[in-house]
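Here is a friendly note for your first look at this structure. Please keep the 3D view open while you read.

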Amino acid sequence: MRGESERQATMMLGLTLEGFVPMDRPLRRINPLADSALQRMSPLFDELYADNGWPSIPPEHLLKSSLLIAFFTIRSERQFCEQLRYDVSFKWFLDLNSLPHT
């Protein structure tokens, strides 16, 4: 079953991750391109995933994670998960809902 992606929630005094990512961050220019390509692929994802069962990680998150790994030359998934804990722009790019945990 294909997992669903939830858009960023408002947090702490009405702020979202959007406000924490600098406007000149290169990911800001890449994000709309990636989202557009994934939007076009969405019907294909729907065909590939079953209608029942446990929800998966949304394929959009997996593909955008792969982009981050390639762009930032991250050598392993474990290293990527560590980076994801403290890089707010990664969470923003992946449309995750929370700030990093300390």
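Predicted model: local features only at pLDDT ≥ 70, side-chain atom pairs only at ≥ 80, totals over all residues.

1. A search of the whole structure turns up 2 aromatic pairs.

2. Start with Phe72 and Phe90: their ring centres are 5.1 Å apart and their planes meet at 55°, so this pair is tilted. Phe72 lies in the loop between α2 (59–71) and α3 (77–86), while Phe90 belongs to helix α4 (residues 88–93), so the pair ties together parts that are 18 residues apart in sequence.

3. Now turn to Phe80 and Phe90. The centres of these rings lie 6.0 Å apart with the planes at 25°; planes under 30 degrees apart count as stacked, so this pair is stacked. Here too distant parts of the chain are linked, with Phe80 in helix α3 and Phe90 in helix α4, 10 residues apart.

4. Phe72 is partly exposed, with a relative accessible area of 35%.

5. Finally, have a look at two charged side chains. Arg28 lies over the face of Trp92, 5.0 Å from the ring centre. Lys64 has its charged end over the ring of Phe93, at 4.7 Å from the centre of that ring.

How values were computed
Residues numbered from 1 in each chain as written. Heavy atoms only, no water. Phe/Tyr/Trp six-rings, centres within 6.5 Å; stacked < 30°, edge-to-face > 60°. Helix = DSSP H or I, 4+ residues; strand = E, 2+ residues; numbered from the N terminus. Buried < 20%, exposed > 50% of the residue type's maximum accessible area, 1.4 Å probe, protein only. Lys NZ or Arg CZ within 6 Å of the ring centre and 35° of its normal.
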